[in-house]
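Dear colleague,

Please find the structure below, handed over for your study. My notes on what was found in it follow.

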Amino acid sequence: MSKPTMPTNSNAINDDTTVESRTEEDSVDISQLRTPNKVDLSAVYGFLGARTTPDWVAAAIADLPLIIQDHANCEKKAAGTAMNLLFRYEFSYDLQRKLAQLIREEMLHYEQVLGIMNERGQEWRYLSAGRYAKGMLKHKRTYEPAAMIDVLIIGAFIEARSCERFAALAEVIDDERLAKYYRYLLKSESRHFEDYLALAQSLSTENIDERVAFFREVEAELITSPDTELRFHSGTPA
């Protein structure tokens with residue numbers, strides 16, 4: 001069965017009610033956040049080529065400080081990636097506006113995770129990058145606009161996987177405050193993957209389904225194959 005690559009909301013790029021209204025309601029203090037009762041993740045699960053393995057969940061629960069800090073790193077990197085794209089591809093209004101929104105939201109999440117680390121008395125330590133993003137980016141095409149389209153597709157998979165892992169952790173984690181925060185993130189992370197896909201398709205003169213299918217296989221292999229380093233986006237613990 002073919003998997004959907006585009007969001008069902010045809011106005012995904014033109015939704016002006018997104019980040020500006022949400023950031024007025026959101027807070028760096030996670031105790032002030034309003035967690036949705038339920039978020040439909042069927043689009044996320046349908047988009048990804050594989051689900052997180054129980055072994056990864058068990059390893060993550062056993063080393064939450066590492067996962068929390070790598071989550072902070074991921075939020076910072078996501079903002080940085082969006083900022084790089086903002087400066088590199090200035091010709092598209094839709095791309096510029098959506099990236100600006102993403103940067104604000106990712107940096108808010110970064111502040112929130114820093115607050116969680118501070119609450120837990122967790123000191124910052126160096127963590128090397130895992131293989132996940134590099135494993136996808138090595139397949140990026142080198143000419144434009146194909147390179148830009150590939151980066152956006154890869155961004156969609158990173159956001160979808162983040163959402164899937166927040167959901168997996170929230171179901172089993174003993175720390176209710178942290179579980180609530182992960183549930184809070186589901187709505188924005190599930191929307192981010194659709195934003196990236198919509199932008200990728202809007203900037204392509206051809207249907208991107210084939211390219212999405214290619215990266216789906218690459219991403220699923222990275223998630224399910226043995227991995228020697230535990231990270232938020234790492235594969236099955238070796």
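On a 1 Å grid over the protein atoms alone, a pocket is an open set of points where a 1.4 Å probe fits, with protein on both sides within 12 Å along at least five of seven lines; its lining residues have an atom within 4 Å of a point. A volume is the space filled by probe spheres set on the points, which are joined across faces, edges and corners. The model is predicted: local features need pLDDT of at least 70, side-chain atom pairs count only at pLDDT 80 or more, and totals for chains, interfaces and linings use all residues. Residues are numbered from 1 along each chain as its sequence is written, and side-chain values use heavy atoms, without hydrogens and water.

The largest pocket has a volume of about 760 Å³. It is lined by 36 residues, of which Lys77, Thr81, Ala133, Leu137 and Ile158 are the closest to its centre. Helix H4 (64-88), helix H6 (132-137), helix H7 (146-172) and helix H8 (176-202) each give two or more residues to this lining; helices are DSSP runs (H or I, at least four residues), numbered from the N terminus. The largest share, 10 residues, comes from H4.

Tyr89 lies in the loop between H4 and helix H5 (93-119). Tyr89 is buried, at 6% relative accessible area (buried means under 20%, with a 1.4 Å probe and protein chains only). Its C-alpha atom is separated by 8.4 Å from that of Met148, 59 residues apart along the chain.

Glu105, in helix H5, is also buried, with a relative accessible area of 3%.

Yours sincerely

Key:
Buried means under 20% relative accessible area, exposed over 50%, partly exposed in between (1.4 Å probe, protein chains only).
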